[in-house]
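The sequence and model come next.

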Amino acid sequence: MAESDKTIKDLQAELDEIVTWFESDEISIDEVAVKYEKANELVKQIEHKLTETENKITKITAKFS
Amino acid sequence: MDNEISVAEFLAFTNQILENAFPQVKVYGEISQLKIWRNQLAFFDLKDDEGVINCMIPIAALTGVEEGMNVLAIGRPRLTNKGRFSLSAHVVLPKGEGALKKSFDILRQKLEKEGLFDDDRKRILPYPPKAVGLITAADSAACADFIKILNERWSGVDVQVADVQVQGEIAISQITKAIDYFNQQSTPPDVIVVTRGGGSAEDLVIFNTEQITRAVAASRVPMIVAVGHEIDTSLAELVADRRASTPSNAAQMLVPDKRHYLESAKDKIVYLESISKRLVSGLQDENHVLTQSIRSLIVEQINRYKDHLSQKKHLLLALNPNQILKKGYAILRKAGTVVGSETELSKNDDIEIDLYKRRLIATINKVELNNG
């Protein structure tokens, strides 16, 4: 999936995955910096999506009478 | 009219005139003489102190009413084939506080027995949803409030608004059709929200009808119903997956607050930072301990070498011939070779005697054996 197509939920899931990695026994000092940088990037993307994206409101043309 | 016409023609003609004159009438009165015919139609009288009119209605459209109840019957007047004047109703709604409450209780009891209000029917709403079907009056304050709160709280939601009336008998069919519409989409929304602002009990009565309540219960798409204010609880709300007290509350329930969401995401970074620092600091401590231990190992090794060297030095010093000579010993050489116990020595042999810092050249006078 392209980065721009990811939803806030997708980005959040990736962030949570990184947090889980940090809390796990698999944590390795060699990867900490890369993972931390990635987490920062994800938060920036979440912020961007939350502040720059708008809700799309559409009135349905169908009549219900 | 001068033409001669048959009875059937007269009835049809009259019904045509009635339909043109009164496409729809709303008549209120008290229900009496309620009878069910073949489980298809209901016949009843609608009366007040001064008159009575026969009414008929499909049985499915007559719910939550009983004899003695004040109702509003909505339909059109017509002559039956037997020449009786009748009101052919399509909706009958309770009217007045007492009737509304009674009707509510009757229907609530009926639907409760069917398990429609059971907690295990309630589904978990996707949180936050990507797409929402909003059923409300598009130009209402309720709609504006819902969208305002939604925009304040979250982003990127696709909201499709089904513009319907939210009171009056027409709202019953419009809202049920809108619920069906969203359910029948090839990609239905994640959640359907039906909402309107507060109103009088009679304004809100449609949300207690069996039609809307069953439509909400039958929706495959999870539903939030938010009707009126906190104190009003309709049957449609009781049967919905979630009930919200107001349109704004429905929006709050639907999506998280982006400010809190973002704070929480940023808190995670702070948390990761603290783990990283702990990790690095732990490693530094480990390195420090390691360095210390290596250092002490090296010092120990050096000291061991020093001791070793010192012993060697002492040994070398002890073995230094000069040191021995210094103590009064002498080295004898005969023809350049050190004299040992096996060396042949005779009288008049020339020998060299090395003392400390001196050398004597001497001749042997006598050789004796020494047993010591």
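## Cavity

The lining of the largest cavity holds 10 nonpolar, 5 polar and no charged residues (Ala, Val, Leu, Ile, Met, Phe, Trp, Tyr, Cys and Pro count as nonpolar, Asp, Glu, Lys and Arg as charged, the others, Gly among them, as polar). A cavity is a set of points on a 1 Å grid over the protein atoms alone where a 1.4 Å probe fits but cannot get out, and lining residues have an atom within 4 Å of a point. The volume is about 100 Å³, taken as the space filled by probe spheres set on the points, which are joined across faces, edges and corners. Of the 15 lining residues, B:Thr63, B:Val92, B:Leu93, B:Pro94 and B:Thr209 lie nearest the centre. E5 and helix H2 (97-113) of chain B each give two or more residues to this lining.

## Basis

This is a predicted model: local features need pLDDT of at least 70, side-chain atom pairs count only at pLDDT 80 or more, and totals for chains, interfaces and linings use all residues. Residues are numbered from 1 along each chain as written, chains are lettered from A and ligands numbered from 1 in written order, and side-chain values use heavy atoms, without hydrogens and water.

## Helix contact

The axes of H1 (residues 8-23) of chain A and H8 (residues 258-319) of chain B come within 10 Å and cross at roughly 25° (lines fitted to C-alpha atoms over the stretch in contact, angles from 0 to 180 degrees between N-to-C directions). H1(A) and H8(B) are therefore roughly parallel (under 35 degrees). Helices are DSSP runs (H or I, at least four residues), as are strands (E, at least two), numbered from the N terminus.

Terms used
Parallel < 35°, antiparallel > 145°, perpendicular 65-115°, else oblique. 1 Å grid on protein atoms, 1.4 Å probe; cavity = no way out; pocket = protein on both sides within 12 Å on 5 of 7 lines; lining within 4 Å.
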